[in-house]
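Reader: I'm new to reading structures and would like to learn about salt bridges. Could you walk me through some here?

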Amino acid sequence: MAFKVVVSEKEKSLQMELDAANSKKLVGLTIGEEFDGSLIGLKGYKLKITGGSDKNGFPMRKDISGPRRIKSLLAGGIGFNPTRDGLRRRKTVRGNTVSDNIVQINTIVTQSGEKSLDEIKNPSEE
């Protein structure tokens with residue numbers, strides 16, 4: 001299964017699509033873990049996983065361990081935005097571990113490489 005990796009650095013973001021061979025290297029990582037950007041073609045970068053979503057659009061939550069999908073009672077945060085105080089709903093969310101069912105991974109840059117994200121996004125512009 002191929003992933004889309006969204007790399008964010010301040011206001012800039014870059015979306016990269018990984019093939020199946022490279023996406024296997026990210027399986028098993030959890031939200032909050034850092035990995036080397038060279039796994040996805042960003043030499044010199046260190047990236048931290050901040051979230052993602054699965055093939056059906058359910059978001060990943062940091063407080064649910066494992067790659068499973070569960071119906072959890074939520075009072076707010078990722079997956080549910082209450083409209084008034086005290087409102088809770090049972091919503092389906094995905095665990096914090098990257099698995100084959102994940103299609104998008106959100107990351108932030110913790111250490112920059114030699115080239116900026118703009119140079120990587122538009123290599124023809126100098």
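Reader: Which residue forms a salt bridge with Asp100?

Author: Happy to start there, and do keep in mind that this is a predicted model. Side chains of opposite charge can pair when their charged atoms come close. For Asp100, the closest N and O atoms of the pair are 3.3 Å apart, which is within the 4 Å cut-off, so the partner counts as a salt bridge: Lys24.

Reader: How many residues apart are Asp100 and Lys24?

Author: Look at where each one sits. Asp100 is in the loop between β6 and β7, while Lys24 is in the loop between α1 and β3. The pair therefore links distant parts of the chain, and the separation is 76 residues.

Reader: Is Asp54 buried or exposed?

Author: Good one to check! Buried means under 20% relative accessible area. Asp54 has 1% relative accessibility, so Asp54 counts as buried.

Reader: Which residue in strand β6 does Asp54 pair with?

Author: Asp54 itself lies in strand β4, so this pair ties together parts that are 40 residues apart in sequence. The closest N and O atoms are 2.9 Å apart. The partner is buried too, with a relative accessible area of 4%, and its name is Arg94.

Reader: Which residues do salt bridges with shared partners join into one network?

Author: Asp54 forms a salt bridge with Arg94. Arg69, in strand β5, also forms a salt bridge with Asp54, with the closest N and O atoms 3.4 Å apart. Through shared partners, the network joins Asp54, Arg69 and Arg94.

Notes. Residues are numbered from 1 along each chain as its sequence is written. This is a predicted model: local features need pLDDT of at least 70, side-chain atom pairs count only at pLDDT 80 or more; totals for chains, interfaces and linings use all residues. Side-chain values use heavy atoms; hydrogens and water are left out. A salt bridge is a side-chain nitrogen of Lys or Arg within 4 Å of a carboxyl oxygen of Asp or Glu. Helices (H or I, at least four residues) and strands (E, at least two) are DSSP runs, numbered from the N terminus. Buried means under 20% relative accessible area, exposed over 50%, partly exposed in between (1.4 Å probe, protein chains only).
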